[in-house]
Amino acid sequence: MKKLLAPSLLSADFLHLEDQIRLTEEAGADILHLDIMDGHYVPNLTFGPPLIEKIRQLTDLPLDVHLMITNPEETIDMYIDAGADWISVHPETVRHLHRLISHIKDQNVKAGVVLNPATPVSCLQDILPVLDYVLLMSVNPGFGGQHFIPDVLKKVDAFLRLREQQACPQVKLEMDGGINRANIAEISKAGVEIFVAGSAIYHSENIAETILFMKKTL
Ligand SMILES: O=C(CO)[C@H](O)[C@H](O)COP(=O)(O)O
């Protein structure tokens, strides 16, 4: 598949969000990654459906909404109604994972499951065929600007084996956390297909040039 770059707005300048989103789209980003944190599941707070709705009006890029919240079943429809194109949830936050994934997909939104660095790939065993994507966290969730955890690359192998065994090539592999100009080529070579990067893009001197560089390197 064509590899995709998904800049994470977590590290963007929130006072100039409109400019930064336009710049991101013009530079050729494939997806916009939105990190939703509730201060409970992770020790940080970001934003919610009202801002997603505004972003939806601003760009045609697919909106990839990563929910780092407790009880996502209770509020999932707010994210769908706000215009999310993709929604991923952490399995440990959900009571009935299969039901929630089915609900998301029934609304024509792509559904994904997120694994933290310490969550094994084996937990995907009985849910993989119904997913659109799996997001492997390469940092512990909650903050941008952390260091990439290299051991997570072993999970890429485990995921690719499981996907092959279960014959579900349609389930895409995304990685998020600590991805930068220096390590993106190695991560791509390992088999990752969708790359989330926040601080490496939005804290760089030239956002457009960094996006172009990363896309060229995939
Ligand atoms: O989900 C996240 C943190 O929970 C962020 O998307 C992720 O960490 C990206 O930021 P950076 O590229 O700066 O690591």
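**Confidence**

The model is predicted. Its chain averages a pLDDT of 98. A score of at least 70 is reached by 100% of the residues. The model as a whole has an ipTM of 0.97 and a pTM of 0.98.

**Two helix pairs**

Helix H3 takes part in both pairs below.

| Pair | Residues of the partner of H3 | Axis distance | Angle |
|---|---|---|---|
| H2 and H3 | H2: 49-58 | 8 Å | about 15° |
| H3 and H4 | H4: 97-106 | within 11 Å | roughly 10° |

Start with H2 and H3, where H3 spans residues 72-82. Their angle is about 15°. Angles under 35 degrees count as roughly parallel, so H2 and H3 are roughly parallel to each other. H2 passes H3 in a right-handed crossing. On the H2 side, the contact is made by Pro49, Ile52, Glu53 and Arg56. H3 supplies Met78, Tyr79 and Ala82. By class, the residues of this contact are five nonpolar and two charged, with no polar ones.

Now take H3 and H4. These helices, too, are roughly parallel to each other, because their axes cross at roughly 10°. Here H3 contributes Pro72, Glu73 and Ile76. From H4 come Leu100, His103 and Ile104. The contact of H3 with H4 divides into four nonpolar residues, one polar and one charged.

**Around the ligand**

Which residues come nearest to the ligand? They are Ser8, Pro141, Gly144, Gly198 and Ser199, out of 22 residues around the ligand. The shell around the ligand holds 12 polar residues, eight nonpolar and two charged.

Note on methods. Residues are numbered from 1 along each chain as its sequence is written. This is a predicted model: local features need pLDDT of at least 70, side-chain atom pairs count only at pLDDT 80 or more; totals for chains, interfaces and linings use all residues. pLDDT is the predictor's confidence in each residue, from 0 to 100. Axes are lines fitted to C-alpha atoms, for helices over the stretch in contact, and angles run from 0 to 180 degrees between N-to-C directions. Helices (H or I, at least four residues) and strands (E, at least two) are DSSP runs, numbered from the N terminus. Angles under 35 degrees count as roughly parallel, over 145 as roughly antiparallel, 65 to 115 as roughly perpendicular and the rest as oblique. A crossing is left-handed if the near helix is turned anticlockwise from the far one by less than a right angle, and right-handed if clockwise. Two residues are in contact if their C-beta atoms, placed from the backbone, lie within 7 Å. Ala, Val, Leu, Ile, Met, Phe, Trp, Tyr, Cys and Pro count as nonpolar, Asp, Glu, Lys and Arg as charged, and the others, Gly among them, as polar. A residue is near a molecule or strand if its C-beta atom, placed from the backbone, lies within 6 Å of it.
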